[in-house]
Amino acid sequence: MYLSDVDLKKLLPSLQIETQNPDHSFEPSSQVQPCSIDMRLDSVFWRQKNRRGPMDLRRSVVDQVDARRYWQRMDVRPNETVTLKPGHMISGRVYEKFTIP
């Protein structure tokens, strides 16, 4: 189900959207769109340590137990870039913390 921006704005209190830095707080006027809420990327990314081919999501429980075995955390500073090579992937964290009701 898609919600309109009016419905999304009504739902915002139950989402409990928070940010760590008050200078970059969540701005409903610019981040709530007609059928979506724009989330921003944080400065934390995860890169595969050893490229082992395609990711098998059926094994996600095993990888969650020892995620650092296969993934390396990268903290990216402002104005720093990350080079993504062909066939590789990174995962990013969302800047806003929220709850799904």
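Analyst: Happy to. Let's begin with patches: a nonpolar patch is made of residues with over 30% relative accessible area and no salt bridge, with nonpolar side chains joined within 5 Å. Please keep in mind that this is a predicted model.

User: Which residues form a nonpolar patch on the surface?

Analyst: Met39, Val94, Phe98 and Ile100 do, with about 360 Å² of accessible area together. Val94 sits in strand β5, and its relative accessibility is 36%. Patch members need over 30%, so Val94 at 36% passes that test.

User: Now the charged pairs. How many salt bridges does the structure hold?

Analyst: Three. As background, side chains of opposite charge can pair when their charged atoms come close.

User: What makes Arg40 and Glu96 a salt bridge?

Analyst: The cut-off is a side-chain nitrogen of Lys or Arg within 4 Å of a carboxyl oxygen of Asp or Glu. In this pair the closest N and O atoms are 2.6 Å apart, so the label applies. The two partners are 56 residues apart and link distant parts of the chain: Arg40 is in the loop between β2 (36–37) and β3 (41–48), while Glu96 is in the segment after β5 (90–94).

User: Are Arg40 and Glu96 buried or partly exposed?

Analyst: One of each. Arg40 has 28% relative accessibility and is partly exposed, whereas Glu96, at 3%, is buried.

User: How do you know that Asp42 and Arg93 meet in a salt bridge?

Analyst: Their N to O distance is 3.0 Å, and the limit is 4 Å, so the pair qualifies. Asp42 is buried because its 18% is under the 20% limit. Arg93, with 37%, is partly exposed.

User: And which residue forms a salt bridge with Arg73?

Analyst: That is Asp75, with the closest N and O atoms 3.1 Å apart. Arg73 has 35% relative accessibility and Asp75 has 47%, so both count as partly exposed.

User: Which residues make up the largest nonpolar core?

Analyst: Seven residues: Leu8, Leu12, Leu15, Ile17, Phe26, Val32 and Ile37. Helix α1 (residues 5–15) supplies the largest share, three residues. Val32 shows some of the packing: beyond its neighbours within four places in sequence, the residues it contacts include Leu8, Leu12, Phe26 and Ile37. In soluble globular proteins, nonpolar side chains tend to be buried together.

User: One last topic, the backbone. What makes the phi of Gln16 worth a look?

Analyst: Most residues other than glycine have a negative phi. Gln16 has a positive value, near 50 degrees, and is not a glycine. Gln16 lies in the loop between α1 and α2 (28–31) and is partly exposed at 46%.

User: What is the phi of Asn79, and where does Asn79 lie?

Analyst: Asn79 also has a positive phi, of about 70 degrees, although it is not a glycine. Its place is the loop between β4 (71–75) and β5. With 83% relative accessibility against a limit of 50%, Asn79 counts as exposed.

Note on methods: Residues are numbered from 1 along each chain as its sequence is written. This is a predicted model: local features need pLDDT of at least 70, side-chain atom pairs count only at pLDDT 80 or more; totals for chains, interfaces and linings use all residues. Side-chain values use heavy atoms; hydrogens and water are left out. Helices (H or I, at least four residues) and strands (E, at least two) are DSSP runs, numbered from the N terminus. Buried means under 20% relative accessible area, exposed over 50%, partly exposed in between (1.4 Å probe, protein chains only). Patches are made of residues with over 30% relative accessible area and no salt bridge: like charges are joined within 9 Å, nonpolar side chains (Val, Leu, Ile, Met, Phe, Trp, Tyr) within 5 Å. Accessible areas come from the Shrake-Rupley method with a 1.4 Å probe; for residues, only the protein chains shown count as cover. A nonpolar core is a set of buried Ala, Val, Leu, Ile, Met, Phe, Trp, Tyr and Cys residues joined through side-chain atoms within 4.5 Å. Contact means heavy atoms within 4.5 Å.
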